[in-house]
Amino acid sequence: MGAGAKCRLVFVDRLLATLVHLRHATTHDVLACWFGVDRSTITRAIAEMRPLLAERGCTVSPGVRLRILAEVIDHLGASGKTGIIDGTEIRVRRPAVGRKDRDRFVSGKSKQNAVKTMVVTDGDGRVLFCSPTRPGSCADITHARQLGLVTLLAHGPAVEILADAGYQGLGAQTGGRVITPPHRKFKKAAPDWYEEMHERQRKAHSSRRIRVEHGIAHLKNWRALARHLGRREHISDTVQAIAGLLSHQQTADLASARPM
């Protein structure tokens with residue numbers, strides 16, 4: 001029995017086409033012209049390579065990669081580093097009329113159709129993990145709980161995790177391991193001394209967790225995540241593939257800078 005048509009692109013060309021597509025959001029038609037093949041060949045090549053890149057995980061050192069959230073928590077506990085978490089949204093196409101879950105993708109924050117992923121970085125902003133995506137209507141704290149973050153922190157190593165106000169409530173569930181901005185005790189007519197103290201504490205916390213924003217910005221520099229125009233079924237693989245590629249680049253840059 002035949003095994004179907006043979007691919008006209010060798011492995012290196014399929015990988016190169018996928019990298020160009022992820023980095024610059026180059027259309028399949030343009031890539032097909034560059035490589036001198038049919039558009040369907042490029043589509044099949046990207047569909048084959050994207051899951052392979054997603055399965056690589058995030059590189060933290062030569063030969064060491066983190067693929068699941070549990071490995072990230074263990075790595076932070078073993079290295080004694082602080083982790084930073086934050087959710088980020090990626091715009092997607094609006095679901096077709098008539099789909100029962102059409103409204104699930106409308107973000108309450110941006111009021112646009114989007115999917116959400118949770119990003120974990122270390123204190124230097126190096127990407128350690130990107131979660132599978134959820135519809136944009138999912139709250140950040142709900143997404144973290146669905147990923148099992150509370151259980152991993154409550155029963156795992158002693159780890160300090162910085163988060164924004166969207167994760168307030170996880171600190172009590174994890175024994176204080178998730179640190180969020182301080183609550184306001186005075187909502188109206190707060191004394192001047194309290195306003196000054198609260199603002200100082202808020203800025204100190206924000207300056208510590210700003211690195212995760214830098215990591216997210218590096219992710220969004222890949223055009224495939226600036227706005228996803230493909231099928232939503234592929235966005236999780238796309239996010240995790242780009243996270244793995246970015247972390248590998250960050251680790252290589254860090255290693256080359258150490259001798260200097």
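Helix 3 (39–55) gives the most to the lining of the largest pocket, with 5 residues. The volume of this pocket is about 630 Å³. Its lining counts 23 residues, and those closest to the centre are His 21, His 28, His 228, Leu 229 and Gly 230. Helix 1, helix 3 and helix 9 (223–226) are the elements that give two or more residues to this lining. By class, the lining of the largest pocket splits into 7 nonpolar, 9 polar and 7 charged residues.

This is a predicted model: local features need pLDDT of at least 70, side-chain atom pairs count only at pLDDT 80 or more, and totals for chains, interfaces and linings use all residues. Residues are numbered from 1 along each chain as its sequence is written, and side-chain values use heavy atoms, with hydrogens and water left out.

A few terms apply here. On a 1 Å grid over the protein atoms alone, a pocket is an open set of points with protein on both sides within 12 Å along at least five of seven lines; a cavity is a set where a 1.4 Å probe fits but cannot get out; lining residues have an atom within 4 Å of a point. Grid points are joined across faces, edges and corners, and a volume is the space filled by probe spheres set on the points. Helices (H or I, at least four residues) and strands (E, at least two) are DSSP runs, numbered from the N terminus. Ala, Val, Leu, Ile, Met, Phe, Trp, Tyr, Cys and Pro count as nonpolar, Asp, Glu, Lys and Arg as charged, and the others, Gly among them, as polar.

The second largest pocket has a volume of about 280 Å³. It is lined by 15 residues; closest to its centre are Gly 125, His 218, Leu 246, Gln 250 and Asp 253. Helix 8 and helix 10 (235–257) each give two or more residues to that lining. Helix 10 gives the most, with 5.

The structure also holds 1 cavity of 30 Å³ or more. Its lining includes Thr 88, Ile 90, Cys 130 and Lys 220. Strand 3 (83–91), strand 4 (114–122) and helix 8 (192–220) each supply at least two lining residues.

| Space | Volume | Lining by class |
|---|---|---|
| Largest pocket | about 630 Å³ | 7 nonpolar, 9 polar, 7 charged |
| Second largest pocket | about 280 Å³ | 3 nonpolar, 6 polar, 6 charged |
| Largest cavity | about 40 Å³ | 6 nonpolar, 2 polar, 1 charged |

Leu 9 is found in the segment before helix 1 (11–24). Leu 9 is buried, with a relative accessible area of 5% (buried means under 20%, exposed over 50%, partly exposed in between, with a 1.4 Å probe and protein chains only). Beyond its neighbours within four places in sequence, Leu 9 is in contact (heavy atoms within 4.5 Å) with Arg 14, Phe 35, Val 37, Thr 41, Ile 42 and Ala 45. Leu 9 and Ala 45 are 36 residues apart along the chain, yet their C-alpha atoms are separated by 7.9 Å.

Two arginines sit over rings (CZ of Arg or NZ of Lys within 6 Å of the ring centre and within 35 degrees of the ring normal). Arg 23 lies over the face of Trp 222, at 5.1 Å from the ring centre. The charged end of Arg 232 is 4.7 Å from the centre of the Phe 105 ring.

The protein chain has 10 helices and 8 strands. Of its 260 residues, 44% count as buried. The C-alpha trace spans about 75 × 55 × 35 Å along its principal axes.
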